[in-house]
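Please look over the sequence and the structure shown below before reading on. The paragraphs after them go through the parts one by one.

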Amino acid sequence: MKRLLFTLLFLLVVAPWVYAQEVRHEVEFVTTKGTIRVMLYNETPQHRDNFLRLVREGYYDGVLFHRVINRFMIQTGDSATRHLQAGQPVPDLPEAYKVPAEIRFPQLYHKRGALAAAREGDNVNPERASSMSQFYIVYGRIFNDAQLDATQERISKATGGKAVLTPEQRQVYKTIGGTPHLDGQYTVFGEVVEGMSTVEDIEFVKTDNTDRPLQDVRILRARVVK
């Protein structure tokens, strides 16, 4: 009888908590170039919850991919771009808040398809807090060992030697690709699970001298799908 009671208590109290930890939310972005679906990490709960709230509020609907750098990343999430016309510069407006950094390196890193939070530079943002809404999706490139060795020197300088690429990460960067020079410095809080072909289509659009696509690429609709 006691064993049965314990089992019931486990199912009622512990099991739902374990299930909640395992469930990973997913968000779908319908863009003018196609659909992208991302999975959010539970290891970065403040970024996850902030992102989900903004999606549910419709914050991302209509905003531009305003910064696209070939073989690097695509960036979006600036509400000031929602009503911009072609050729108009992106205004630099202050944000209402920042999200505290949740840098979980080496567990979470900048492999191709990584979803990460944009932020201001270290000179004005030494705590490396994230933008309230702007994010980027990594495309990057494939590296060889010599390039990764040089990149490690760059990472070590930026992180005071705290971030060191693991053998497993080096293998990913040599086969799948990414942007390892950002590791240990920006919060990675999710990854693309569907639609990397759409990311690639956006990645290779033509841009102006401010990295804005010449032909506007927008998020038409964002919604939580899981």
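This is a predicted model: local features need pLDDT of at least 70, side-chain atom pairs count only at pLDDT 80 or more; totals for chains, interfaces and linings use all residues.

With which residue does Arg119 form a salt bridge? The partner of Arg119 is Asp122, and the closest N and O atoms of the two are 2.8 Å apart. A salt bridge here is a side-chain nitrogen of Lys or Arg within 4 Å of a carboxyl oxygen of Asp or Glu. Side chains of opposite charge can pair when their charged atoms come close.

Residues are numbered from 1 along each chain as its sequence is written, and side-chain values use heavy atoms, with hydrogens and water left out.

Helices (H or I, at least four residues) and strands (E, at least two) are DSSP runs, numbered from the N terminus. An open sheet of 8 strands has the order β3-β4-β8-β6-β9-β2-β1-β10, and its pairing is antiparallel. At the edges stand β3 and β10 (219-224), each with a single partner strand, so one side of each is left without a neighbour in the sheet. On average, neighbouring strands of this sheet are turned by 25° against each other, direction ignored. Two strands count as paired if DSSP finds at least two bridges between them. Strands of a sheet pair through backbone hydrogen bonds, either parallel or antiparallel. In this sheet, β1 and β2 pair in the antiparallel sense over 6 bridges, and Glu28 stands opposite Arg37 in β2.

Helices pack on this sheet. Helix α2 (residues 45-56) touches β1, β2, β6 (114-117), β8, β9 and β10, and its direction makes about 120° with that of β10. Contact means heavy atoms within 4.5 Å. Axes are lines fitted to C-alpha atoms, for helices over the stretch in contact, and angles run from 0 to 180 degrees between N-to-C directions. Helix α5 lies across β1, β2, β3, β4, β8 and β9, running at about 115° to β2.

Which residues of α5 (residues 196-203) are buried? They are Thr198, Val199, Ile202 and Glu203. Seen down the axis of α5, these buried residues fall within an arc of 145°, so they line one face of the helix. The arc is that of the directions from the helix axis to the C-beta atoms. Buried means under 20% relative accessible area, exposed over 50%, and partly exposed in between (1.4 Å probe, protein chains only). The buried residues of α5 pack against β1 (26-31), β2 (34-40), β3 (67-69), β4 (73-76), β8 (135-138) and β9 (188-194).

Thr187 is found in the loop between α4 (167-175) and β9, and Thr187 is buried, with a relative accessible area of 1%. Not counting residues up to four places away in sequence, Thr187 touches several residues, among them Thr44, His47, Glu102 and Ser130. A polar atom of the Thr187 side chain lies 3.0 Å from the backbone nitrogen of Glu102.

Now back to the charged pairs. A search of the whole structure finds 14 salt bridges. One of them joins the side chains of Lys98 and Glu120 (3.4 Å, N to O). Lys98 lies in strand β5 (residues 98-99) and Glu120 in the loop between β6 and β7 (130-131), so the pair ties together parts that are 22 residues apart in sequence. Lys98 is partly exposed at 42% relative accessibility, and Glu120 is partly exposed at 42%. In the pair from the opening question, Arg119 counts as buried at 14%, whereas Asp122 is partly exposed at 36%. Asp122 also meets Arg128 in a salt bridge (2.8 Å, N to O), and Arg128 is buried at 15%. Elsewhere, salt bridges that share partners join Asp145, Asp149, Arg170 and Lys174 into one network.

Some backbone details remain. Arg128 is in the loop between β6 and β7, and its phi is near 60°, a positive value in a residue other than glycine. Asp211, in the loop between α5 and β10, has a positive phi of about 75° although it is not a glycine. Asp211 is partly exposed, at 25% relative accessibility. The peptide bond from Phe105 to Pro106 is cis, with omega near 10°, and Pro106 is in the loop between β5 and β6.

Terms used: A polar contact is a pair of N or O atoms within 3.5 Å; within protein, one must be able to donate a hydrogen and the other to accept it, and residues adjacent in sequence count only if both atoms are side-chain atoms.
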